[in-house]
Amino acid sequence: YPESPLGLCLKAARLFRLDDYAEGSDAAIAESFEKASKDAIEASERYYKIHPENPEARYAVAMCELNLARYYIDHGRWFGGFFKARSGLAHLKQLLKEYPDFHDAKMPLGVANCFLDKTPIYLKPIARLLRFSGDMELGLQQLKDAETKGFLTRHESLYYQVAIQWVVLEDKETAKQILDRFIERFPRNANSLLLRAH
């Protein structure tokens, strides 16, 4: 499927993770990531215009935008991050309205619901600007659905469930149980083993 944007989306996602794992940030990887992300978003939007009935096309646009938003925010580029996050979340909310069983879209929405439910008071205006109020119970259910029913998100959703239980809800026992499920699937994943040791 040479017209599919998936290859570019995966390339951008891989570069995001490589930059994320680097000590600080690697300038060459960061530059490659930004270019790959912009190319992936353009290809995804073009594909979505041709195939508006295809939920994967809209999902690709949203995920590329959210990856770029997270990168911008991690690098202190708040303005760009805000607009990409708002656009990506809007695509996913609309996608779930039209296709309620598109479980992969639930993972980023679940993360947003969980983190924005516990937003400090001074960040509430930003949550409102994102048009997202947050709902912990719904977010946890969305993450669970992404894990048990999703295709692309079934493993990554575990990572976010651990973070929410450990950092946001401060429930280390539940975080440990979820992390054990991840380690059972990937027993040689060094990051997970390190997290488990902590």
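This passage describes the packing of two helix pairs, α1 with α2 and α7 with α8, in a predicted model. Residues are numbered from 1 along each chain as its sequence is written. In this predicted model, local features need pLDDT of at least 70, side-chain atom pairs count only at pLDDT 80 or more, and totals for chains, interfaces and linings use all residues, while side-chain values use heavy atoms, without hydrogens and water.

Helices are DSSP runs (H or I, at least four residues) numbered from the N terminus. Helix α1 spans residues 6-21 and helix α2 residues 27-50; they pack at an angle of about 155°, with their axes 8 Å apart. Axes are lines fitted to C-alpha atoms over the stretch in contact, and angles run from 0 to 180 degrees between N-to-C directions. The helices α1 and α2 are therefore roughly antiparallel (angle over 145 degrees). Their crossing is left-handed, meaning that the near helix is turned anticlockwise from the far one by less than a right angle. Contact (heavy atoms within 4.5 Å) involves, among others, L8, L15 and F16 of α1 and I29, F33 and A36 of α2. By class, this contact has 12 nonpolar (Ala, Val, Leu, Ile, Met, Phe, Trp, Tyr, Cys and Pro), three charged (Asp, Glu, Lys and Arg) and three polar residues (the others, Gly among them).

Helix α7 (residues 136-149) packs against helix α8 (residues 156-168) at about 150°, with the axes 8 Å apart. The pair α7 and α8 is therefore also roughly antiparallel, and the crossing is left-handed. On α7, M136, L140, L143, K144, A146 and E147 meet S157, L158, Y160, Q161, I164, Q165 and V168 of α8. These residues comprise eight nonpolar, three polar and two charged.

Definitions and conventions
Parallel < 35°, antiparallel > 145°, perpendicular 65-115°, else oblique.
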